[in-house]
Amino acid sequence: MKRILAIVVALLLPFLVLAASYADNQYQKLAEAYAVRAEKAFEEGEYDLAVEYTAKAEENAELSRQYVEMMLLRADADTQIRVALNRLVWARSIKADENFPDLYQRSFELVQQAQAAFSGERYEEAKSLALQSMDALAGLQEMDEERKRLEDERKRLEEEALAAARAKEEADRKAGIPAGTYPEYYIIHDWYKTKDCFWNIAAKPFVYNDPFKWEVLYNANKGVLENSSNPDVIQPEIKIRIPSLAGEIREGTYDPNLEYEVFKLK
């Protein structure tokens with residue numbers, strides 16, 4: 001009996017010293033106090049009391065261990081949440097909230113859930129949600145670089161098309177292509193009534209009589225569009241300009257009550 005108690009107390013004290021190097025908490029202090037009492041009771045021959053104190057020392061030592069584990073997990077969860085928040089700040093800096101709204105919103109919601117779990121002391125869940133938030137933005141930089149590449153390519157093609165149209169207009173003008181009188185402006189109507197879009201407007205006989213000339217209209221009217229980067233969306237009631245394509249005379253706003261010649265490139 002004495003030998004067993006001596007071994008228990010001898011093993012317990014080093015553990016408590018090790019625990020003290022990681023955290024100074026109330027459970028550790030109680031464990032150390034009970035260990036001292038157990039050793040004293042053992043030396044005084046009060047073995048039953050020594051057993052009782054040893055049990056309490058072990059109980060508090062275990063509580064101390066659990067407390068330290070919880071605090072380490074809490075610190076880890078807090079770190080991951082901070083990293084996830086910084087990742088969101090970076091995502092906003094490259095306008096991911098505008099260019100990749102679904103990914104950004106998913107990541108943002110996961111961080112909010114992580115913060116809520118952290119407040120509820122569900123640290124393992126909080127850490128997992130924070131990591132999921134960062135995973136939601138994985139590969140974002142590569143996606144943004146590809147988006148920029150495609151945007152640059154689109155702009156290049158638009159500039160080339162516009163330059164070609166201007167060159168053609170100038171060449172036709174110099175060639176003396178005969179021209180009638182056509183409207184210079186057109187007021188956009190409701191899509192559901194007229195199906196107005198750059199493609200359909202360019203196809204109108206008094207415009208260019210050719211839907212493939214839609215880019216000429218689009219490039220000439222970017223300044224009046226709500227979203228100049230999206231030619232598919234044009235708002236009703238705005239007035240767009242119809243540039244001269246072949247030296248033809250264009251003046252006034254289209255009047256459905258007037259008859260216009262059919263535009264033809266000769």
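**Helix H3 and its partners**

A: H3 and H6 are roughly parallel to each other, because their axes cross at an angle under 35 degrees. In this predicted model, helix H3 covers residues 47–93 and helix H6 covers residues 123–136. Their axes come within 8 Å and cross at roughly 25°. The crossing of H3 and H6 is left-handed.

On the H3 side, the residues that meet H6 are Met70, Leu73, Arg74, Asp76, Ala77, Gln80, Ile81, Val83 and Ala84. Their counterparts in H6 are Tyr123, Glu124, Ala126, Lys127, Ala130, Leu131, Ser133 and Met134. By class, the residues of this contact of H3 with H6 divide into eleven nonpolar, two polar and four charged.

Gln80 lies in helix H3 and has a relative accessibility of 17%, so it counts as buried, the cut-off being under 20%. Leaving aside residues up to four places away in sequence, Gln80 touches Lys127, Ala130, Leu131 and Met134.

H2 contributes Tyr27, Gln28, Leu30, Ala31, Tyr34, Ala35, Arg37, Ala38, Ala41 and Phe42 to the contact. From H3 come Tyr47, Leu49, Ala50, Tyr53, Thr54, Lys56, Ala57, Asn60, Ala61, Leu63, Ser64 and Tyr67. The residues of the contact of H2 with H3 divide into 16 nonpolar, four polar and two charged.

As for the setting, the protein chain has ten helices and four strands. Starting at the N terminus, the order of elements is α-α-α-α-α-α-α-β-β-α-α-α-β-β. The protein chain has 266 residues, of which 32% count as buried. Among contacts in the protein chain with a separation of 6 or more, 65% are between residues 24 or more positions apart. The protein chain exposes about 16,500 Å², and carbon and sulfur atoms supply 53% of that area.

Note on methods
Residues numbered from 1 in each chain as written. Predicted model: local features only at pLDDT ≥ 70, side-chain atom pairs only at ≥ 80, totals over all residues. Heavy atoms only, no water. Axes fitted to C-alpha atoms, helices over the stretch in contact; angles between N-to-C directions. Helix = DSSP H or I, 4+ residues; strand = E, 2+ residues; numbered from the N terminus. Parallel < 35°, antiparallel > 145°, perpendicular 65-115°, else oblique. Left-handed = near helix turned anticlockwise from the far one by under 90°. Contact = heavy atoms within 4.5 Å. Nonpolar A, V, L, I, M, F, W, Y, C, P; charged D, E, K, R; others polar. Buried < 20%, exposed > 50% of the residue type's maximum accessible area, 1.4 Å probe, protein only. Areas by Shrake-Rupley, 256 points an atom, 1.4 Å probe, with all protein chains shown as cover.
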